[in-house]
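Student: I would like to go through this model and ask what lies behind each label. Please show it first.

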Amino acid sequence: VAASVFPLEATQPVRVPKHAAIWTIGLAGCAVGAISLTLALTNGGIGAELGEPLVIALLSVWITIAYVFGGLIAWTRRPASRFGLLMIIAGFLMFVVTLSWSENDVAYTVGQAFDVVVPVVFLHVFLAFPSGRLRGRFERLLVTLGYATAIVLELVRMSLGGFGPHNLLELTESAGAAEIVRHVQLVTVSVISLCGVGVLAVRRRRSGRPLRRASALLVDAFGLGLIMIAVLLVSATFEGPWVAQVRWATFITIGLAPLAFVLGLLRARLAQSAVGGLLVDLRDETAPAHLRDALARALRDSSLELAFWLPEFGTYADLDGRAVRLPEPGDERMVTLIERNGARIAAIAHDPSLQDESELLEAVTAGAGIALENAQLHAEQRAHLEELRGSRARIVDAGRRERQRLERNLHDGAQQRLIALSLELSLLEEKLVNDAEATARLAAARRQIGASLEELREVARGLHPAVVSGHGLAVALEQLAANAVVPVRLSVSIGPRLPEALEVAAFYLVSEGLANLGKHAAASWATVAVTRTATGVVVEVVDDGVGGADESRGSGLRGLADRVEALGGRLRVWSPAGKGTRLRAEMPCAP
Amino acid sequence: VRAVIAEDSVLLREGVVRVLADAGIEVVGAHETADDLLRDVRSRTPDIAIVDIRLPPTHSDEGMRAALAIRADHPGVGVLVLSQYVEVGLAMTLLAESVEGAGYLLKDRISDVKEFVGAVERVACGGSAIDPIIVSTLLSKRRGEGPLDGLTPRERAVLELMVEGRSNQGIADRLVITLRSVEKYVSSIFDKLGLPSGGTESRRVLAVLLYLRS
């Protein structure tokens, strides 16, 4: 199914039919209907008595009028679609066929020449539903072949005689040859009709999901109509059974088809009352999340997708502000852009059949305008929030990398140099073993260097826990637990290594938790548990101290919360007075 | 004693080579990377490998992995790990199976030449060397919890030196007491901690370490 982007604001200028044209066609329709009726009643073979031929004739007249007026309604309601015009042409062709009831030679010849065109016209109409255009080379070939078979072979058959005195084309009298041509003609048209059914079936399956209900019913009716035409033609050819019954059914199906189409239109029209329902929906359900469902209901397209335009980001996004891709030309979905006061708000990806109900689309999108605008703001806000979260994560991450770099520099630079210096002094000390004062001063200098190294080690460790990066969280936590002021029960069950940022955050969390323990908690024990869950990691530090810790007490907990939240996690602190403190961080992590 | 070294800082590598050479320890290879070290350990079968815990290319756990590989594949080669950080977790990873021929020292210890050379010789001969800070951290971990608090200050001092990997004679020299008193203290410590006092010195150290860690 070829779909194209169909933007409302950029619709090609559609020529709305002029009143004069509508009136002219309408009157012409009435006139040809009247002519057909007159021909039927005055024709000796048809109108002589009230019987089946007359009823069939009346049905033909009905079909002419129904197609012309159905086409007119379609044309005025769907000026963008060629379908209305096609229906009108089909109606007039039906009239041309009824000319064969005329006693006039020219009229009879013309009418008879088009006799078999009718089923092909219906095939054309059904295949062209709803856009009025045939899709693809095969369909065009099929219809062209149908017209050629119906008209050319009919002319050949007429030239072979057997049509009575009004046939102007009779060249010779050859009943046997005429019969063969007739068989070939009817069987060919029959096969072509069945091919049409195949096309409809393939089209329906390929669309992947059922068409919207009204369209699906119509398409099924078309398929049925085409099958019956095929059966009728073959039956008539070989004088099979049920000819009369099938003919009746065919005429009725074909006669009802325009009615079905007009009803479909009226449904669309009625659907505009769905706009009212939509407004009620939107009044009751103000949450933007319900907007898509409400639109899907109003447009009767459960596959509808809604995307909001975020001008600052230059992209479409879902309600949560995540960028989404719209169907592109060539996809089986069609996109309608929604504007408000000249600014793009959103886009709806929908079933292509909605294109034929553009005024419903317009009415619905207009009705949902304010709600759409609200939802767009909502999406925009979410996108900003998401961006903020991303940038916070990047800032924390950049900070972590920078601190990691500084730690590396200290480790490889100052610390190594001081150790080397201390070693040098030590060797000097050995050389000056006889100079008591010198060795004493060198030893003192070495102690100073030792103290500096101690301090540097603390600074470097505070900058970045290198052992976490190098050896993992479990190893690093052992030192924290060993250094704590109270006995710590440590349990780490995280399996293989976690992402480094997560491990570092968990390390700081435990480090800060145990440090607070020493400073404020007056606890006698603590437990540290790091657990891998299906969706992330849970870090818990619990003590039996005095409690009463809160984020406002120090920058420590706030900083931890920032770190955890930057990773998309959450830090919670329970610290009721006298009941100990529990720090719990949950951080998401892909399994 | 034959030693190989892996240390990425040129300054310290040369310093260590000089100190060891001065002490009569033959340095048969001094390298920057763990791979070079492992090759030397395979081809030259030294008595000891001295490994910086952070080595190129990523400076994360290359040194530690090399140390564990030597422990596993060359039980006859002592491994002395040097680190700039006190990490009980790493020390215990290295010593988890046995303390024989294994050591974990802060890099600062290099400058205390006599102590450092002593530790190298101990590890090279199948003994152990655990940094005093690690030992005191482990001891403080069990503070306030029964048996350790029952030790006299003298017993505690003996325990610390013992866990550092010193022999009874080494402890006696250090504390300037007789070998017999050291043995008396040791037996009293094991009684108080409820640990069996038999076996080699290395086994004793491991028993105490596991007790402290649990």
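**Contact between the two chains**

Tutor: This is a predicted model. The contact takes in 38 residues of chain B and 34 residues of chain A.

Student: What is the area buried between chain B and chain A, and what share do carbon and sulfur atoms give?

Tutor: About 3,100 Å² is buried between the two chains, with 53% of that area coming from carbon and sulfur atoms. On the chain B side, B:R54, B:Q84 and B:Y85 supply 22% of the area that chain B buries against chain A, more than any other three residues.

Student: Why is the pair B:R54 and A:E407 called a salt bridge?

Tutor: The rule asks for a side-chain nitrogen of Lys or Arg within 4 Å of a carboxyl oxygen of Asp or Glu. The side chains of B:R54 and A:E407 meet at 2.9 Å, N to O, and that is within the 4 Å limit, so the pair is called a salt bridge.

Student: How many salt bridges does the rule find across the interface of chain B and chain A?

Tutor: Four are found across this interface. There are also 15 residue pairs in polar contact, both residues at pLDDT 80 or more.

Student: Which helix of chain B gives the most to the side that touches chain A?

Tutor: Helix 1 does, with six residues. Helix 1 (10-22), helix 4 (88-95) and helix 6 (132-141) of chain B each supply at least two residues of that side. By class, the side of chain B that touches chain A has 15 nonpolar, ten polar and 13 charged residues.

**A helix pair**

Student: How are two packed helices described?

Tutor: The description uses the angle between their axes and the distance between the axes. For helix 16 (residues 473-483) of chain A and helix 4 of chain B, the axes come within 6 Å and cross at roughly 120°.

Student: Which residues meet there?

Tutor: From helix 16 of chain A they are A:V475, A:E478, A:Q479 and A:A482; from helix 4 of chain B they are B:V88, B:G89, B:L90, B:M92 and B:T93. By class, this contact has five nonpolar, three polar and one charged residues.

**One tyrosine**

Student: Why is B:Y185 called partly exposed?

Tutor: Buried means under 20% relative accessible area and exposed means over 50%. B:Y185 has 24%, which lies in between, so B:Y185 is partly exposed.

Student: Where is B:Y185 found, and what is B:Y185 in contact with?

Tutor: B:Y185 is found in helix 9 (residues 179-193) of chain B. Leaving aside neighbours within four places in sequence, B:Y185 is in contact with B:R154, B:E155, B:V158 and B:I177. B:L159 is 26 residues from B:Y185 in sequence and 8.6 Å away in space, C-alpha to C-alpha.

Methods
Residues numbered from 1 in each chain as written. Chains lettered and ligands numbered in written order. Predicted model: local features only at pLDDT ≥ 70, side-chain atom pairs only at ≥ 80, totals over all residues. Heavy atoms only, no water. Contact = heavy atoms within 4.5 Å. Buried area = accessible area lost by both parts, 1.4 Å probe. Polar contact = N/O pair within 3.5 Å; in protein donor to acceptor, adjacent residues only side chain to side chain. Helix = DSSP H or I, 4+ residues; strand = E, 2+ residues; numbered from the N terminus. Nonpolar A, V, L, I, M, F, W, Y, C, P; charged D, E, K, R; others polar. Axes fitted to C-alpha atoms, helices over the stretch in contact; angles between N-to-C directions. Buried < 20%, exposed > 50% of the residue type's maximum accessible area, 1.4 Å probe, protein only.
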